[in-house]
Amino acid sequence: VNLAKAVARNLKKMRGNRTQEAFARKCGISQPTLSQLERASQNVTIQTLNTIAGGFAVIRVIYFGIKV
């Protein structure tokens, strides 16, 4: 599985019915960045993953599509 696609899938699932703007604010990233990540058109950095995970206090490994 492609990392960018796994991140995109997980972000869309986590966002649910919230707007990209509201979800991006919760994640601590900009809406344009979230949009790019959800389309898998931008490679995600570890720093961005940590920022997003910090907004939700989630285990960072889920972004890689690994089930624990």
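Me: Which exposed residues does H2 carry on the face turned away from its buried side?

Reply: That face of H2 carries Glu21 and Arg25, which are exposed, where exposed means over 50% relative accessible area, buried under 20% and partly exposed in between, with a 1.4 Å probe and protein chains only. This is a predicted model, in which local features need pLDDT of at least 70 and side-chain atom pairs count only at pLDDT 80 or more, while totals for chains, interfaces and linings use all residues. Residues are numbered from 1 along each chain as its sequence is written, and side-chain values use heavy atoms, with hydrogens and water left out.

Me: Why are the buried residues of H2 said to line one face of the helix?

Reply: The buried residues of H2 are Phe23, Ala24 and Cys27. Seen down the axis of H2, they fall within an arc of 100°, so they line one face of the helix; the arc is taken from the directions from the helix axis to the C-beta atoms.

Me: What do the buried residues of H2 pack against?

Reply: They pack against H1, H3 and H4, contact being heavy atoms within 4.5 Å.

Me: Why is H1 called oblique to H3?

Reply: Helix H1 (residues 3–15) and helix H3 (residues 31–38) pack at an angle of about 120°, with their axes 8 Å apart. Angles under 35 degrees count as roughly parallel, over 145 as roughly antiparallel, 65 to 115 as roughly perpendicular and the rest as oblique, and that makes H1 oblique to H3.

Definitions and conventions
Axes fitted to C-alpha atoms, helices over the stretch in contact; angles between N-to-C directions. Helix = DSSP H or I, 4+ residues; strand = E, 2+ residues; numbered from the N terminus.
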